[in-house]
Amino acid sequence: MSGDPTEALPPRGRSLRILVVEDHADTLRVLARLLDHFGHEISVADGAQSALEIVESKEFDVVLSDIALPDGSGYEVIAQAKRKQPIKGVALTGFDKEEDIRRSKEAGFDFHLSKPVDFHELCMILTQAGS
């Protein structure tokens, strides 16, 4: 495989308005750039509080959020976002046990994506979320 992570990705679906919530700066930057490359409108937040402020002021199709944030949790972010607008939630976490997946679903996430991010799986999830 070459150095281009977009090479093996599926064709892009419709453009989505995505809020990416991630406290690790490098991961946030890479995800935002990749999603932008695929034609999505991206907003970013590095914590729960900034994500909640953004959700109050802007509409999104998808919230892609880390669960463990320094000032709260992705559970709070998705719960608040879903109270405000119809939205799909993608949990982004290093925890992928059955209990973790169940808890993210109970919190309101529609999809559960484990780190490190599989870009092909992310694109497939976004295609589902956008349909």
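User: Before we look at particular residues, what does buried mean here?

Analyst: Buried means under 20% relative accessible area, whereas exposed means over 50% and partly exposed lies in between. Please note that this is a predicted model.

User: Is aspartate 61 buried or exposed, then?

Analyst: Aspartate 61 has a relative accessible area of 15%, which is under 20%, so the residue is buried.

User: Which residue forms a salt bridge with aspartate 61?

Analyst: The partner is arginine 17, and the closest N and O atoms are 3.0 Å apart. Arginine 17 counts as partly exposed, at 29% relative accessibility.

User: Where do aspartate 61 and arginine 17 lie?

Analyst: Arginine 17 is in strand S1 (residues 17-21), and aspartate 61 is in the loop between helix H2 (48-57) and strand S3 (62-66). The pair therefore ties together parts that are 44 residues apart in sequence.

User: How many salt bridges does the count come to?

Analyst: The count comes to eight salt bridges. Among them is the pair of glutamate 41 and lysine 58, with the closest N and O atoms 3.7 Å apart.

User: Which parts does that pair tie together?

Analyst: Glutamate 41 belongs to strand S2 (residues 41-45) and lysine 58 to the loop between H2 and S3, so the bridge joins parts 17 residues apart in sequence. Glutamate 41 is partly exposed at 39% relative accessibility, and lysine 58 is partly exposed at 32%.

User: What about glutamate 99, which residue does its side chain meet in a salt bridge?

Analyst: Its side chain meets that of arginine 102, at 2.5 Å from N to O.

User: Which residues are linked in a network of salt bridges?

Analyst: Glu22, Asp66 and Lys115 are linked in such a network.

User: Changing topic: where is glutamine 85 found?

Analyst: Glutamine 85 sits in the loop between helix H3 (74-84) and strand S6 (88-93). At 6% relative accessibility, glutamine 85 counts as buried.

User: And what does the side chain of glutamine 85 reach?

Analyst: The side chain reaches the backbone oxygen of lysine 58 at 3.3 Å.

User: Leaving aside neighbours within four places in sequence, which residues is glutamine 85 in contact with?

Analyst: On that basis, glutamine 85 is in contact with Val55, Lys58, Glu59 and Phe60.

Terms used: Residues are numbered from 1 along each chain as its sequence is written. This is a predicted model: local features need pLDDT of at least 70, side-chain atom pairs count only at pLDDT 80 or more; totals for chains, interfaces and linings use all residues. Side-chain values use heavy atoms; hydrogens and water are left out. A salt bridge is a side-chain nitrogen of Lys or Arg within 4 Å of a carboxyl oxygen of Asp or Glu. Helices (H or I, at least four residues) and strands (E, at least two) are DSSP runs, numbered from the N terminus. Buried means under 20% relative accessible area, exposed over 50%, partly exposed in between (1.4 Å probe, protein chains only). A polar contact is a pair of N or O atoms within 3.5 Å; within protein, one must be able to donate a hydrogen and the other to accept it, and residues adjacent in sequence count only if both atoms are side-chain atoms. Contact means heavy atoms within 4.5 Å.
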